[in-house]
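Please consider the structure shown here. The briefing that follows is grouped by topic.

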Amino acid sequence: MFCSRLCGRRVTYARYRKERVAAAVAWARANPTMRAAITNQNKARRRQWVQTNPGSVGVSSRDWVKVVRHYRHHCAYCGGNKGGIHMDHVIPISRGGRHAIGNVLPACQTCNLSKGAKLLAEWKRR
């Protein structure tokens with residue numbers, strides 16, 4: 001029926017997206033304490049991951065401001081700044097990258113969210 005399993009998943013997602021989003025929103029409204037607990041758990045997990053990553057020295061706010069100013073408050077990848085500027089790890093932390101000033105660049109929301117946990121070469125290839 002579809003050319004691949006991925007293609008079938010995309011069609012199914014597009015077909016039922018509204019219902020799934022509505023169900024997720026309804027659940028979040030009905031369970032605010034559970035949603036907050038899950039959010040806090042994810043934040044704590046991310047914080048621990050960043051802190052225990054070998055070679056991570058952290059990114060001071062002063063250094064981050066310098067990098068953003070260097071790129072004139074624009075995305076390092078596309079040059080835009082729609083959706084605000086995000087801190088993007090060039091080599092994602094989940095792939096062994098460090099949380100250090102040499103591994104972060106300013107990215108617009110669109111570029112940062114589409115890049116996700118991909119390496120720069122993988123992301124540009126798409």
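**Surface patch, strand pair and a buried lysine**

Trp27, Met34 and Ile38 make a nonpolar surface patch of about 290 Å². This is a predicted model, in which local features need pLDDT of at least 70 and side-chain atom pairs count only at pLDDT 80 or more, while totals for chains, interfaces and linings use all residues. Residues are numbered from 1 along each chain as its sequence is written, and side-chain values use heavy atoms, with hydrogens and water left out.

**Patch**
- Patch residues have over 30% relative accessible area and no salt bridge, and nonpolar side chains are joined within 5 Å; a salt bridge is a side-chain nitrogen of Lys or Arg within 4 Å of a carboxyl oxygen of Asp or Glu.
- Met34 lies in helix H2 (residues 32–52); helices are DSSP runs of H or I with at least four residues, and strands are runs of E with at least two.
- Met34 counts as partly exposed because its relative accessibility is 46% (buried is under 20%, exposed over 50%, partly exposed in between, with a 1.4 Å probe and protein chains only).

**Strands**
- S1 (residues 85–89) pairs with S2 in the antiparallel sense over five bridges, where pairing requires at least two DSSP bridges.
- Cys108 in S2 is the bridge partner of Ile85.
- In S2 (residues 104–108), five of five residues are buried: Val104, Pro106 and Cys108 on one side, Leu105 and Ala107 on the other.

**Lys115**
- Lys115 lies in helix H4 (residues 109–115) and counts as buried, because its relative accessibility is 0%.
- A polar atom of the Lys115 side chain lies 2.9 Å from the backbone oxygen of His89.

Key:
Patch = residues over 30% accessible without salt bridge, like charges linked within 9 Å, V, L, I, M, F, W, Y side chains within 5 Å. Areas by Shrake-Rupley, 256 points an atom, 1.4 Å probe, with all protein chains shown as cover. Polar contact = N/O pair within 3.5 Å; in protein donor to acceptor, adjacent residues only side chain to side chain.
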